[in-house]
Amino acid sequence: MANASSGDSEKYRLAYQVFLDRILNYLGAYLLKLFGGSAVSAGSVPELHGLVFSGGIGERSTQLRADVGNHLSWLKCEVDEERNQEGPKDGVDGGVKEVTKAGSGVRMFVCLT
């Protein structure tokens, strides 16, 4: 993308935003099914124990993981920038790495596939 024209950059940015929006829509629907409206209306914060990123984009896109985590801040999700940038290493910890801070309300993991 370094040599892309500004028009191409805008296309890539739009494609990324659409992709992120689809992921967030899926998560929103999943969370609604999982918790229903009763937990939220009662004033309690629903609990999601973990979210796993895998496959090509999930393993390689630090920006995607950071953006999803930021959108889950209402669930007390806190992405650790350093861990997120490092990602998992093949042969270490079974190729799974947590990319959220200790004590994060939602734990996010990257799993090599």
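**The largest pocket and its lining**

Reply: Four elements, α1 (6-41), β1 (50-53), α2 (55-60) and α3 (62-71), each supply at least two residues of the lining of the largest pocket; helices (H or I, at least four residues) and strands (E, at least two) are DSSP runs, numbered from the N terminus. This is a predicted model, in which local features need pLDDT of at least 70 and side-chain atom pairs count only at pLDDT 80 or more, while totals for chains, interfaces and linings use all residues. Residues are numbered from 1 along each chain as its sequence is written, and side-chain values use heavy atoms, with hydrogens and water left out.

A pocket here is an open set of points on a 1 Å grid over the protein atoms alone, where a 1.4 Å probe fits, with protein on both sides within 12 Å along at least five of seven lines, and its lining residues have an atom within 4 Å of a point. The largest pocket has a volume of about 210 Å³, a volume being the space filled by probe spheres set on the points, which are joined across faces, edges and corners. Its lining is made up of 15 residues, and Ile23, Leu27, Leu51, Val52 and Phe53 are those nearest the centre. The element that gives the most to this lining is α1, with five residues. By kind, the lining has 12 nonpolar residues, three polar and no charged, where Ala, Val, Leu, Ile, Met, Phe, Trp, Tyr, Cys and Pro count as nonpolar, Asp, Glu, Lys and Arg as charged, and the others, Gly among them, as polar.

As for confidence, pLDDT is the predictor's confidence in each residue, from 0 to 100, and the protein chain has a mean of 86, with 86% of its residues at 70 or more. Among the elements of the pocket lining, α1 has the lowest confidence in the chain, at a mean of 85, and α3 the highest, at 96. Where pLDDT is low, the predicted coordinates should not be read in detail.

Turning to residues elsewhere, Thr113 lies in the segment after β3 (107-111) and counts as exposed because its relative accessibility is 72%, the cut-offs being under 20% for buried, over 50% for exposed and partly exposed in between (1.4 Å probe, protein chains only). Beyond its neighbours within four places in sequence, Thr113 is in contact (heavy atoms within 4.5 Å) with Ser54, Gly55 and Glu59. Lys76, in the loop between α3 and α4 (81-86), has a positive phi of about 70° although it is not a glycine.
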